[in-house]
Amino acid sequence: MTMGALAPPAASAAARPDTLQKGLNALVDTDGVPAALAAVTDRYDHTRTYTAGVGDLATGAKVPRDGQVRIGSNTKTFTAVVVLQLVGEGKIGLDAPVDTYVPGLVRGDGIDGRHITVRQLLPHTSGLPNYSKYLSDDIRYYEPRELLDLALHHKADFAPGTNWAYSNTNYLVAGLIVQKVTGRPIAEEIERRVISRIGLRDTYFPAPGEVTIRERHPRGYYQDSAGAPLVDATDWDPSWAWAAGQMVSTDSDLNRFFTALLAGRLLPKAQLDQMRTTVPAGARYGLGLVSTPLSCGGVYWGHGGSMTGYETRGGATEDGRAANVAVTTQPSQATKARMDGVVDTALCR
């Protein structure tokens, strides 16, 4: 177990075991995750990074400080930002039907793109069935249209705007809309409009067929069921998640992203306000952004992500504090709750 600091810790913190380090240690020792990583950024943009566990079960290698991980559904926030930028530019209408941009594409049993709006995609109120439920066990490359076809073979979950259900299909369609409107791949738009704009150093959208994580990273592990062996899934093709969850980043880059977003560096105020307009969904879910209460009062805004081999949790407050935690397997709900507790501790101490 190691701890690194990009900014020198206060003397009082150095004199006692750090509560954040204890939280990561518990995720490894009690919850059994192979590795845990975290980055905590204060309102002065000073960041401390933490690690616990083992970065590679086969070799016993250390966990790389602030290593790259697959960030899963945090990708949705990046995709939503691009959509809302295009809204601000007058190229997409939030309340326009999906068919305005991809005519005839979204059709099925109880599914009609003429009656689903762009706005309903982003907070998961469209009723589109989740294609992820119908994926085979094949580890291979998937085209976005192939994934959409999987969803459209199934009945709508509900009429658009009448309920809430988490569905990766919403962000699949959002990504296809971005591509149709801009004439460029969603990966290029995210790079140009978000990653390069705010200077994220270790964040990218993998190219088709790219399965190896580019820079230093802990290995990620898949477990079929509780007690089953851990299988190294680091290099499994991530294309099944596409605009809903394919990206790679680090805890510190996620802190920079969510902090920049809340500071208005990525969206005009009107679109950021729309993004933070939430619907009840257990937590409060906005347009690709989730509001989570803090034990010390107030909320933080983030998303979180689950991807084969990795889980990330965290976000940022409106006054510039941020924390993200990652582990190297897909954990139980109880472990996710303890990860959320580490985030809460980081933002409230």
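Visitor: Which residue stands opposite alanine 39 in β3?
Guide: That is threonine 49. Keep in mind that this is a predicted model. The two strands involved, β2 and β3, pair in the antiparallel sense, with seven bridges between them.

Visitor: And what sits in the hairpin of β2 and β3?
Guide: There are five residues between the strands, and aspartate 45 takes a positive phi near 70° there.

Visitor: Is β3 largely enclosed or open?
Guide: Largely enclosed by the rest of the structure, because six of the seven residues of β3 (residues 47-53) are buried.

Visitor: What about the hairpin of β15 and β16, which residue takes a positive phi?
Guide: Glycine 320, with a phi near 100°, in a hairpin that has five residues between the strands.

Visitor: How many residues of β16 are buried?
Guide: Six of six, over residues 322-327. Ala322, Asn324 and Ala326 point one way, while Ala323, Val325 and Val327 point the other way.

Visitor: Why do side chains alternate like that?
Guide: In a regular strand the side chains alternate between the two faces of the sheet. In β16, the residues pointing either way are all buried.

Visitor: New topic. Where does serine 126 lie?
Guide: Serine 126 is in the loop between α4 (118-121) and α5 (144-152).

Visitor: Buried or exposed?
Guide: Serine 126 counts as buried, because its relative accessibility is 2% and the cut-off for buried is under 20%.

Visitor: What does the side chain of serine 126 reach?
Guide: It reaches the backbone nitrogen of leucine 128 at 3.1 Å. The side chains of serine 126 and asparagine 170 are also joined by a polar contact of 2.4 Å. Leaving aside residues up to four places away in sequence, serine 126 touches Ile116, Gln120, Leu121, Phe158, Ala159, Pro160 and Asn170.

Visitor: I like rings. How many aromatic pairs does the structure hold?
Guide: Six. One of them is tryptophan 164 with tyrosine 166, a tilted pair at 6.4 Å centre to centre and 50° between the planes. Tryptophan 164 is partly exposed, with a relative accessible area of 25%, and tyrosine 166 is partly exposed too, at 31% relative accessibility.

Visitor: What kind of pair do tyrosine 166 and tyrosine 285 form?
Guide: An edge-to-face one, with 6.3 Å centre to centre and 75° between the planes. That pair links distant parts of the chain: tyrosine 166 is in the loop between α5 and α6 (168-182), tyrosine 285 is in strand β11 (residues 283-285), and they are 119 residues apart. Tyrosine 285 counts as buried, at 5% relative accessibility.

Visitor: Which residues do ring pairs link into a cluster?
Guide: Phe78, Phe257 and Phe258. Phe257 and Phe258 are among the buried residues of helix α9.

Visitor: Which tyrosine ring does the charged end of arginine 140 sit over?
Guide: Arginine 140 sits over tyrosine 142, 3.9 Å from the centre of the ring. Arginine 214 lies over the face of tyrosine 204, at 3.8 Å from the ring centre.

Visitor: Back to α9. How many of the twelve residues are buried?
Guide: Ten of them, so α9 is largely enclosed by the rest of the structure.

Visitor: What should α9 span, and what is the distance between its end C-alpha atoms?
Guide: At 1.5 Å a residue, the twelve residues (251-262) should span 16 Å, and the end C-alpha atoms are 17 Å apart, which agrees. Just after α9, glycine 264 takes a positive phi of about 85°.

Visitor: Last one: is threonine 30 buried or exposed?
Guide: Threonine 30 counts as exposed, because its relative accessibility is 65% and exposed means over 50%. Threonine 30 is found in the loop between α2 (19-29) and β2.

Visitor: How far is the C-alpha atom of threonine 30 from that of threonine 335?
Guide: They are separated by 9.4 Å, although the two threonines are 305 residues apart along the chain.

Technical notes. Residues numbered from 1 in each chain as written. Predicted model: local features only at pLDDT ≥ 70, side-chain atom pairs only at ≥ 80, totals over all residues. Heavy atoms only, no water. Buried < 20%, exposed > 50% of the residue type's maximum accessible area, 1.4 Å probe, protein only. Helix = DSSP H or I, 4+ residues; strand = E, 2+ residues; numbered from the N terminus. Pairing = 2+ DSSP bridges. Polar contact = N/O pair within 3.5 Å; in protein donor to acceptor, adjacent residues only side chain to side chain. Contact = heavy atoms within 4.5 Å. Phe/Tyr/Trp six-rings, centres within 6.5 Å; stacked < 30°, edge-to-face > 60°. Lys NZ or Arg CZ within 6 Å of the ring centre and 35° of its normal. Expected span 1.5 Å × (residues − 1).
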